[in-house]
Number of protein chains: 2
Amino acid sequence: MYLYALLNYMFSQSEENYLKAIFHLQQNANGGISTSSISEKLTTKAASVTEMIKKLAEKNLVDYQKYYGVQLTETGRKHALLIIRKHRLWEFFLVKRLNFNWDEVHDVAEQLEHIKSPKLVEELDIFLGRPEYDPHGDPIPDANGNLPKAPKKRLSGLKKGDHAICKGFNDNSSSFLQFLDKQNIGLNTKIEVIGIESFDETMTILVNSNTILLSKTATDNIYVEH
Amino acid sequence: MYLYALLNYMFSQSEENYLKAIFHLQQNANGGISTSSISEKLTTKAASVTEMIKKLAEKNLVDYQKYYGVQLTETGRKHALLIIRKHRLWEFFLVKRLNFNWDEVHDVAEQLEHIKSPKLVEELDIFLGRPEYDPHGDPIPDANGNLPKAPKKRLSGLKKGDHAICKGFNDNSSSFLQFLDKQNIGLNTKIEVIGIESFDETMTILVNSNTILLSKTATDNIYVEH
DNA sequence: ATAAATTATTAGGCAAACCTAATAATTTAT
DNA sequence: ATAAATTATTAGGTTTGCCTAATAATTTAT
C-alpha cells in the first residue's frame, strides 16, 4: 500500500529521531513544542532544530509557525508511533529472548528502531506473541498506531496508606533503572505508601517488607496501578 | 576488551560497506583489488572509491599503493568478518525464526549488519544455537573471525556423470535465488551432471528426476559437495 | 514601561559521502 | 612503438545534518 511504503521508507534517521522526540514531548505538554525543548531532548543546538523543523514542515510531518511551537500532523504522528512500535518490540525481544537486562536495551533499540522493513516488524510482532507492553511497562502501538489504553497514574499522585502495583517508568535511563533494581523495584512490584514528607514530597514506601525513601523526582517517574 | 570495542564502534556504515566489498572481492581474486571493481560492486563512482580508500588506509584498515590495488590489513579483515558474521546471523534469524524466504532477507540483513552492540551479536548467536551456515549455505564466522572450513567447489567444476549436493550460492541476488527456487534447487538438493555442452559450457543436470539446463554463469555460482 | 532574560532565527562554516569533468598513468592492440 | 582503451586520481560541487556567532522576537522582572 502506497501510504505504508511512504511511511516506512521516506525518512532519514535524523528525521525519525525528531519525530519521536516531538511525540514524547507532546505526551507531557499541551500546545506546541518549543524549539529549545527539542534541542534539549536531542542534545543538539536550537539552530539545528529550527532547520530540521522547516524540513519536517515541508514534508507535512509537523505543523509549524514561527514562535508558536511545533505539533505533529496525523502523518507525523503515525510515523512516530511506528518508530516507537519498533523500539518497544525490539526491547521486548532483547530482554525476553536475548537475556538483556532492561537497563541495557535502550541504546541498541535506538539503533534497531530505524531498520526499514514492514515485513520484519510484522513478523517480529508475531514471533514475540504480539506483546502489549515492553519490559519497562510502556505500551506497544499496534500496526495501526493504536496503543493499548492503560491510563497512567504516577506514584507521586498516591496518598499515605495507598497500595499500588508498579506498571512502568517515565525515565528509562540506565542510571534510574539501575537505581530501581537496587531498591528491588521492578514491573509489577507491590508498593505501599507509608508516608510523604511535606517539605519536599519525599515518599516513604514499603517494598517486600523493606522501607525505602524516594524523592519526588523518582515518584514522578514511576507509574502505578492501584 | 579494547580491540573489540574498537572493532565495533569505530567505523561508519559506508566504511563497513567498503570493507565488506573488498573482503568479498578478495575471495575471488588474487593480489590487490582495483578501484574500479570496488566501484562496480558498490555502484558508486571510481572517484568516490579513491577517496574512501585513502581514508581506510589512514585508519590502517587497508594497504594501498597507487595503481597497485587494495588489500585488507589484519584489522580490516577482522572487521569485515565481524560484519559478515552479523549479516549471516541475521539472515539465519530472519529465515529460521521470522518466516522470511531466503530470497527476501538480503536487504534487511544489509541494514541489520551495521547495528553496533557486541552483546547483541553474542546473544543472538547463542539464541540461534551457534549456527555454522546461513540459509544460503555460507559459513558464519565465529566471534574470532574463524570460518568453519568447508572448501568450496563450484558446480561448473564437475564432470559428466558426477553426483553432488548443493551447498551454497555465490550470487545471493533475489533474481538468482528465485530462479533456483523455480528449478527446485536449494540447499542440500541432490544433483547429477548429465552432460556439458562444449561450445558454451551449458550444463544438463538431473534434479528430482527432472532435467534442467544451467548456463555457465549459473553453474559458476552454485557451490557443491561431491 | 523599560531592562534583562529567554527563546528562536539567520548567516556562514564544516565534515562525510557522494557526484561530474578533466587529467594522468598504465595496459592492450595494431 | 605508438595509438587506443582502460583504470585511477584530482579538482571542484552537492546534500545532509550538524555547529558557532550574531541578531531578532517574546516573555519576565523591576
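This is a predicted model: local features need pLDDT of at least 70, side-chain atom pairs count only at pLDDT 80 or more; totals for chains, interfaces and linings use all residues.
**DNA strand C**

B:Ser48 places a polar side-chain atom 2.7 Å from a phosphate oxygen of DNA strand C.

How many residues surround DNA strand C? There are 22. The closest are A:Ser36, A:Tyr64, B:Ser12, B:Ser48 and B:Lys55. Of the atoms of DNA strand C that come within 4 Å of the protein, 77% belong to sugar and phosphate.

Both chains supply helices to this surface. Chain A brings helix 3 (35-42) and helix 4 (46-58), while chain B brings helix 2 (13-27) and helix 4 (46-58); each gives at least two residues. Helix 4 of chain B gives the most, with five residues. By class, the surface near DNA strand C has eight nonpolar, nine polar and five charged residues.

**DNA strand D**

DNA strand D is surrounded by 20 residues. Which are the closest to DNA strand D? They are A:Ser12, A:Ser48, A:Lys55, B:Ser36 and B:Tyr64. Sugar and phosphate make up 78% of the atoms of DNA strand D that come within 4 Å of the protein.

| Residue | Part of the residue | Distance to a phosphate oxygen of DNA strand D |
|---|---|---|
| A:Ser12 | N or O atom in the side chain | 2.5 Å |
| A:Lys45 | backbone N or O atom | 2.9 Å |
| B:Thr35 | polar backbone atom | 3.4 Å |

The helices that give two or more residues to the surface near DNA strand D are helix 2 (13-27) and helix 4 of chain A, plus helix 3 (35-42) and helix 4 of chain B. This surface divides into seven nonpolar, eight polar and five charged residues.

**Where the two chains meet**

The protein chains also touch each other. In chain A, 20 residues are in contact with 20 residues of chain B. Between them the chains bury about 1700 Å². Carbon and sulfur atoms account for 71% of that area. Which residues of chain A lose the most area to chain B? They are A:Leu98, A:Gln111 and A:Lys119, together 27% of what that side buries.

Charged and polar links cross the interface too. The rule finds two salt bridges between chain A and chain B. B:Lys119 forms a salt bridge with A:Glu104, and their closest N and O atoms are 3.4 Å apart. Four residue pairs are in polar contact between the chains.

Three helices of chain A each give two or more residues to the side that touches chain B: helix 5 (74-96), helix 6 (106-112) and helix 7 (118-127). The largest share, five residues, comes from helix 7 of chain A. By class, this side of chain A has eleven nonpolar, four polar and five charged residues.

**Pairs within helix 5 of chain A**

Helix 5 of chain A also holds pairs of its own. Over all chains, the count comes to 13 aromatic pairs. A:Trp90 and A:Phe93 form one that is edge-to-face, with 5.7 Å from centre to centre and 80 degrees between the planes. Why are A:Trp90 and A:Phe93 separated by about one helical turn? Because they are three residues apart in helix 5 of chain A.

A:Arg77 pairs with A:Glu74, the closest N and O atoms being 3.6 Å apart. Both residues lie in helix 5 of chain A, three residues apart, about one turn of the helix. Over all chains, the structure holds 25 salt bridges.

Notes. Residues are numbered from 1 along each chain as its sequence is written. Chains are lettered from A and ligands numbered from 1 in the order in which they are written. Side-chain values use heavy atoms; hydrogens and water are left out. Contact means heavy atoms within 4.5 Å. Buried area is the accessible area (1.4 Å probe) that two parts lose on being put together, summed over both. A salt bridge is a side-chain nitrogen of Lys or Arg within 4 Å of a carboxyl oxygen of Asp or Glu. A polar contact is a pair of N or O atoms within 3.5 Å; within protein, one must be able to donate a hydrogen and the other to accept it, and residues adjacent in sequence count only if both atoms are side-chain atoms. Helices (H or I, at least four residues) and strands (E, at least two) are DSSP runs, numbered from the N terminus. Ala, Val, Leu, Ile, Met, Phe, Trp, Tyr, Cys and Pro count as nonpolar, Asp, Glu, Lys and Arg as charged, and the others, Gly among them, as polar. A residue is near a molecule or strand if one of its heavy atoms lies within 4 Å of it. Rings of Phe, Tyr and Trp (its six-membered ring) pair if their centres lie within 6.5 Å; planes under 30 degrees apart count as stacked, over 60 as edge-to-face and the rest as tilted.
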